[in-house]
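The entries below follow the order in which I looked things up.

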Amino acid sequence: MRALFLAVLMRDLRLAARRRIDALLPLVFFVVAVSLFPLGVGPEPQTLRHIAPGIVWVCALLATMLSVQHLYAGDQADGSLEQLLLAPQPAVAVASAKCVAHWLVNGWPLIVAAPLVGVLFDLSAPALGSLVIGLLLGTPVLSLLGGLGAALTLGVRSGGMLLILIVLPLAMPVLIFGAGAVGAVESGQSAAGHYSLLGALLIATALGAPLATAAALRISTE
Amino acid sequence: MTAGMRLFNFAAPSRFYTLTGTLAPWLWVLTAALSVVGLYMGFFVAPVDATQGNAYRIIFIHVPAAWMSMVLYLAMAFWAAIGWAFRARMASMLARALAPTGAMFTFVALWTGALWGKPAWGAWWVWDARLTSELILLFLYLGYIALVEAIDDPRRADQAGALLSVVGAVNIPVIYFSVRWWNTLHQGATISMTAAPKMAATMLTAMLILTLAFWAYSFAVVFMRVRAIVIERERHTAWVADLVRAGKGAGA
Amino acid sequence: MNWNSPSEFFAMGGHGLYVWGSYGVTALLMLVEPWLAARRRRNALRDAASAEVWKEFD
């Protein structure tokens, strides 16, 4: 099973490396979307500092939803997905590999860009750190949940919006704890509780989501 | 025939169709009777509340609606899972029939919550844990409905819906816990729907009777809807052909 | 009895808008929903009947 996992992972990474623009588009969306908020809300630094964690997290969430739509679509179009699922190893290997690849390609740019964007909102250094830690723990969860949504809506009309609609409620706890961590640090408290909860969510999702995604892939390709 | 086998009889769409057809009128009678009694108790027997005046009477439909919204979601996920695990079409059809009613009660809980919030707390909407969780529950319902309606192949739609509703059901405690946590963090919101008026016995009775009325209503309307779904899905079978021909003969 | 007159009943101590807004919308939804379900079944029967009609021409 590890061989299949690694094979799918390396293949996806190689494909992403060839289409660098596609990989960077969600990142650009993230930065643009975050920049809209001051324009809508006003440049008052106090306000911006207060709403920054929420904005960064929501935009990261939306950027992930956008980037995850193509996770399986390309493979389904050229028939390689069916081939992968025909392998004797369980589909969990494929599902997990896809999510890990997605996180490496799409999650990391967000984690790196977030503190830079946070500076635009005048967040303090500890707050920026908290933002990064939260995203480190949270973006894998978003990739996992997004993978499940992508598998469920594979080939369905208006799959994009549908994916967002079904995954967003499931992603709300991550949003709450991630943004809450930054808020806690900003007000001088410890964010340890938040991190623990994020960690717990990560473990639970890492255990459950690939299984559910594998089932969804079987459902969608039958 | 043992009781177990008798129950499995109704897994056949044709037999379930007939059963629900027989039960439905009685369920409507039950709904009407319970509603009348419950409303009478709520408006004419239950006293005025000292702090909230007469606005509190909204609770008689707000709480039952919220309960139904959660019960129906669990029922929907349960039947969808049964349909998936046992490849039982009828169970999946029942799950699909439950969704719109569940969404309706969720909306009612939110609507009545807002209209209660305004006189009680001064705002049309408060982001307290329970109302916010109810809002997210509405999104879960809408997501399920959108997913099963978007997929053309009925079997794939049933299975995908089952997976989604089970994932949703598992997430509900997580979502509720995180929303409650979020709510207590942001100390501005000391408003809480749990600060309902101390329930006099009559108030509690009225609320419970209306809950039962909503239960009966849910059975009745879900049975109505599932009958429609059965006809839609079983359109090409002989028993539906017979049904239609009999209907035409009787001039219905 | 809680109410001395029908007008008192409708006023609900000044909260009439909220109480009747709640009960009214709820009642409306609980009437519309069964009506929609019944209509769905009628349409389904009609579709099934039209499928039948074509079968007779086979």
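**Entry 1**

A crossing is called left-handed if the near helix is turned anticlockwise from the far one by less than a right angle, and right-handed if clockwise. Helices (H or I, at least four residues) are DSSP runs, numbered from the N terminus.

I note that this is a predicted model, in which local features need pLDDT of at least 70 and side-chain atom pairs count only at pLDDT 80 or more, while totals for chains, interfaces and linings use all residues. Residues are numbered from 1 along each chain as its sequence is written, and chains are lettered from A and ligands numbered from 1 in the order in which they are written.

Helix H3 of chain B covers residues 59–85 and helix H5 of chain B covers residues 129–150; they pack at an angle of about 40°, with their axes 11 Å apart. Axes are lines fitted to C-alpha atoms, for helices over the stretch in contact, and angles run from 0 to 180 degrees between N-to-C directions. The angle makes H3(B) oblique to H5(B); under 35 degrees counts as roughly parallel, over 145 as roughly antiparallel, 65 to 115 as roughly perpendicular and the rest as oblique.

I then listed the residues that meet: B:Ala66, B:Ser69 and B:Tyr73 from H3(B), with B:Glu134, B:Leu137, B:Leu140 and B:Tyr141 from H5(B). Contact requires C-beta atoms, placed from the backbone, to lie within 7 Å. This set divides into 5 nonpolar, 1 polar and 1 charged. Ala, Val, Leu, Ile, Met, Phe, Trp, Tyr, Cys and Pro count as nonpolar, Asp, Glu, Lys and Arg as charged, and the others, Gly among them, as polar.

**Entry 2: Chain A against chain B**

I found 21 residues of chain A and 22 residues of chain B in this contact. H8(A) gives the most to the chain A side, with 11 residues.

H8(A) and H5(B) pack at an angle of about 150°, with their axes 9 Å apart. They are therefore roughly antiparallel to each other. Their crossing is left-handed. Among the residues that meet are A:Leu162 and A:Met172 in H8(A), and B:Ile136 and B:Ala150 in H5(B). By class, I recorded 13 nonpolar, 1 polar and no charged residues here.

**Entry 3: Chain C**

Which chains share the most contacts? Of the 2 pairs in contact, it is chains B and C. Their contact takes 27 residues from chain C and 34 residues from chain B. No contact joins chain A and chain C.

How values were computed
Helix = DSSP H or I, 4+ residues; strand = E, 2+ residues; numbered from the N terminus.
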